[in-house]
Amino acid sequence: MLALTATQPLTAVELKSISTETAVWFAAPAKDFTESSPLGNGRLGAMMFGGVNEERIVLNESSVWSGSPQDADRPDAYKTLPEIQKLLLAGKNPEAEALVNANFTCQGPGSSGGQYGCYQVLGNLHLVFTSGDTNLPVTNYRRELDLNEAVARLEYDRGGVRFTREMFASAPDQVMVLRLNSSAPKQCSFDLRLDRPERYATTGDGGNGLLMTGWLDNGAGGKGVHYVARVRVLSQGGIVSVHGDFLSVSNANEVVLLIAAGTDYQGFAGRQTKDPLAATLNDLNRAAKKTYESMRRAHIADYQKYFNRVSLQLDPLDAAASEKAMPERLQTAEKGPGDPGLAALHYNFGRYLLISSSRPGGLPPNLQGIWAEETQTPWNGDWHLDVNVQMNYWPAETANLSDLTPPLFALIASLQKPGAKTAHDYYNAHGWVAHVIANPWGFTSPGEGANWGAYSGGSAWLCQHLWDHYEFTQDRKFLEWAYPVMKGAARFYADMLIEEPEHHWLVIAPANSPENGFRLTDGRQAGVCMAPTMMQQQVRYLFEACIASSQILGVDEDFRNELTAKRARLAPTRVSSDGRIMEWLQEYVETEPQHRHVSHLWGLYPGDEISPYTTPRLAQAARKSLEVRGDDGVGWSLAFKAALWARLGDGNHAWLFVRKALFPVTTQEIRYDNGGGVYANLFDACPPFQIDGNFGITAAIGEMLLQSQAGKIELLPALPDAWKNGTVSGLRARGGFQVDETWKNGKLTSASIRSDTGERGSVTYGGKTLELRLQKGKSVRLNANLDLVKSVGQKSDQLSDK
């Protein structure tokens with residue numbers, strides 16, 4: 001049994017002493033999902049509402065997916081490819097799109113039903129409190145998510161008694177833990193239930209627990225994933241009794257709930273257990289042998305080894321604003337000049353969410369991370385490959401969370417086998433391809449609609465993360481693993497390139513510029529095209545990554561030469577007659593000039609072919625493209641634009657988008673145009689909730705503070721006027737560097753740079769560049785003029801001005 005000791009709850013003063021940049025707090029219980037507090041250990045997730053008379057906790061497990069493996073490829077689709085390409089070369093895009101719709105989409109309903117499946121809620125844990133007079137008033141209520149410890153807490157006074165709850169999701173122990181106590185004895189009394197909207201049965205589990213089990217729909221008329229959830233009650237004093245499908249606790253002094261969950265999902269990641277009943281029982285039995293405090297300490301130590309790597313403080317701090325509960329603080333920031341401290345909090349929240357939803361061995365966070373309350377999540381809660389899952393990992397490298405990327409890499413690797421079949425069936429090509437959408441069942445087929453589903457750049461964009469990981473870490477062993485994956489993707493694009501007749505460029509066809517369309521001179525509209533700028537940029541990046549990788553590894557000279565020749569002939573990024581980056585190969589009229597996607601600027605960010613320093617004409621065209629696209633958007637689009645403005649060195653415009661991303665939103669209705677912002681619990685509002693915007697803003701703030709491309713580290717490249725003073729430590733730069741920066745009155749005062757690899761590089765600030773030849777593990781401290789202030793184990797002659 002769990003050893004329990006009476007613990008003194010935190011006082012309101014102690015709670016308020018927690019940093020305003022690491023605390024998300026409320027003065028009332030959550031009214032809905034987007035006011036509740038998210039917890040997670042990478043696999044298990046919870047949303048704590050903090051009700052007084054009834055607590056609801058939404059439970060999640062990352063592999064709770066309906067659906068099942070399927071073959072959604074059309075086996076003879078490639079026979080139609082020559083005609084589709086012929087029509088595109090002739091400028092007959094609508095005719096080509098009709099042919100794609102008839103013969104070149106996926107087989108079956110695709111993501112709209114069938115075996116594709118959907119990420120679903122695991123269930124709900126309900127606690128209905130039965131102690132005391134529930135009509136008595138509640139005072140001193142405070143509910144808080146502590147980002148520094150990854151612990152949710154609440155406390156309140158009622159009838160002269162202080163009640164407290166504390167919850168966390170433990171990665172070391174693979175359980176979620178909830179403790180309830182009070183300042184007076186025998187005050188913990190409640191009824192407990194486990195349920196979900198459908199397909200479940202709940203029974204007693206021994207004399208002090210509940211067991212909920214069921215099977216999800218496999219989409220083909222049978223049983224799919226088998227899931228299990230267990231809760232065990234460990235009480236100090238009082239009586240615990242089970243009554244069929246619910247459990248009662250009466251007059252306990254303190255209670256700890258242990259919650260375990262699992263499935264029999266046997267896909268590319270996850271626990272890989274065929275018996276979730278046994279696995280969850282083992283989880284509870286192991287945890288129950290430990291004290292609450294020991295589990296709490298282990299949880300915090302595990303979490304902080306990631307979270308404490310980076311710290312950020314942005315001044316001027318608004319003391320009055322930081323004393324407000326989160327809904328009021330968001331309102332105050334929106335109506336006033338902004339709240340830099342809130343931006344730092346949001347940055348930390350993004351890091352918190354990645355640590356809580358992406359752990360080695362697990363599945364990558366989906367459109368909602370690991371948090372969902374429905375059985376039909378928006379857009380199936382899947383992995384969209386035309387910006388969304390990639391955006392989930394944008395902050396990973398710069399925010400010093402590189403070792404949380406394996407779930408994404410596991411997903412990429414898992415797509416090779418089904419993607420090779422898709423490449424053959426649709427393009428008669430070698431290698432592998434993934435299109436727009438993916439699920440845990442290996443879906444790589446085109447989407448069910450030609451105007452969005454013909455985008456075949458998912459695999460190219462995913463592979464960018466493989467090369468980027470190598471650039472940040474310089475991990476040769478990783479590159480040896482990743483290169484064959486990239487090579488297979490590059491092989492596909494090299495096989496399917498065709499020559500367009502006007503310039504004799506090599507182009508991708510058919511394709512989409514994600515989810516966007518255009519109008520021809522005859523007034524007809526289309527979305528299917530050849531050589532959208534984004535895909536040409538992505539293929540160019542992939543070819544270059546493979547060329548560089550093969551040189552580093554000393555392999556595949558013939559393939560390298562082939563890619564070098566074909567890369568030189570790819571259709572380039574071009575500037576239109578009105579001075580913008582062209583989104584398509586032709587200057588088509590846009591059907592939506594303010595479209596949410598900014599795909600044609602991929603080469604600016606997250607790519608690296610557009611830069612104010614190396615390609616100023618293209619950078620100016622990118623700026624004009626952003627100006628025409630406008631300063632509004634859905635949540636993830638606001639984040640994307642913030643990062644793009646940061647890459648252009650315009651910190652004030654990037655700050656505008658960070659502020660817009662913090663605009664308070666309440667609606668859950670799906671929007672495709674504008675209306676983005678943030679919910680009261682800081683979840684990104686697309687709307688509805690989509691977690692990519694959280695990660696995107698975290699990445700954008702990182703880009704405002706530090707950038708690194710082509711061997712150059714740029715200090716404070718896009719610092720807005722509003723961030724007058726500040727300090728950041730622990731950021732990562734390409735080449736294996738770690739960087740700390742401090743600034744005052746908008747100017748750098750000092751920077752520290754450490755090399756973890758011994759690679760050469762350079763650092764620039766204020767028009768001055770310093771060459772770096774740091775030995776592995778050595779660091780230097782520089783002043784605003786990039787003069788050496790302190791060297792740790794580093795010879796001064798290995799630093800030189802340029």
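Reader: Let's start with the seven strands. In what order do they form the open sheet?
Author: This is a predicted model. The order is E2-E3-E4-E5-E10-E15-E14, and the pairing is antiparallel.

Reader: Which strands stand at the edges?
Author: Strand E2 (37-40) and strand E14 (239-243). Each has a single partner strand, so one side of each is left without a neighbour in the sheet.

Reader: By how much are neighbouring strands of this sheet turned against each other on average?
Author: By 20°, with direction ignored.

Reader: What holds strands of a sheet together, in general?
Author: They pair through backbone hydrogen bonds, either parallel or antiparallel.

Reader: Back to E2. How many bridges pair E2 with E3?
Author: Four, in the antiparallel sense, and E3 covers residues 44-48. Within that pair, Gly40 stands opposite Gly45 in E3.

Reader: Jump ahead to E32 and E33. What do they form?
Author: A hairpin, with two residues between the strands. Gly766 sits in the turn and has a positive phi of about 60°. Strand E32 (residues 761-765) and strand E33 (residues 768-772) pair over five bridges, in the antiparallel sense. Ser762 has Glu771 in E33 as its bridge partner.

Reader: Let's zoom out. How many helices and strands are in the chain?
Author: The chain has 21 helices and 36 strands. Its radius of gyration is 27 Å, close to the 28 Å that the globule rule gives for 802 residues, so the chain is as compact as a globular protein of that length.

Reader: What box do the C-alpha atoms fill?
Author: Roughly 85 × 70 × 50 Å, taken along the principal axes.

Reader: What share of the 802 residues is buried?
Author: Buried residues make up 62%.

Reader: On to pockets. How much space lies in the largest pocket?
Author: About 590 Å³. It is lined by 30 residues. Nearest its centre are Trp467, Glu471, Glu544, Asp608 and Ala710.

Reader: Which element gives the most to that pocket's lining?
Author: H16, with seven residues. The elements giving two or more residues are H14, helix H16 (533-553) and strand E27 (706-709). By class, the lining has ten nonpolar, nine polar and eleven charged residues.

Reader: What about the second largest pocket? Which residues lie nearest its centre?
Author: Trp379, His384, Glu515, Arg596 and Tyr672, out of 20 lining residues. About 360 Å³ of space lies in this pocket. Its lining has nine nonpolar, six polar and five charged residues.

Reader: Last topic, cavities. How many are there of 30 Å³ or more?
Author: Five. Of the 19 residues lining it, Tyr393, Trp394, Asp468, Tyr605 and Arg734 are the closest to its centre.

Reader: Which helix supplies the largest share of that lining?
Author: H14, with five residues. The lining of this largest cavity divides into nine nonpolar, five polar and five charged residues.

How values were computed:
Residues numbered from 1 in each chain as written. Predicted model: local features only at pLDDT ≥ 70, side-chain atom pairs only at ≥ 80, totals over all residues. Heavy atoms only, no water. Pairing = 2+ DSSP bridges. Axes fitted to C-alpha atoms, helices over the stretch in contact; angles between N-to-C directions. 1 Å grid on protein atoms, 1.4 Å probe; cavity = no way out; pocket = protein on both sides within 12 Å on 5 of 7 lines; lining within 4 Å. Points joined across faces, edges and corners; volume = space filled by probe spheres on them. Nonpolar A, V, L, I, M, F, W, Y, C, P; charged D, E, K, R; others polar. Rg over C-alpha atoms; globule rule 2.2 N^0.38 Å. Buried < 20%, exposed > 50% of the residue type's maximum accessible area, 1.4 Å probe, protein only.
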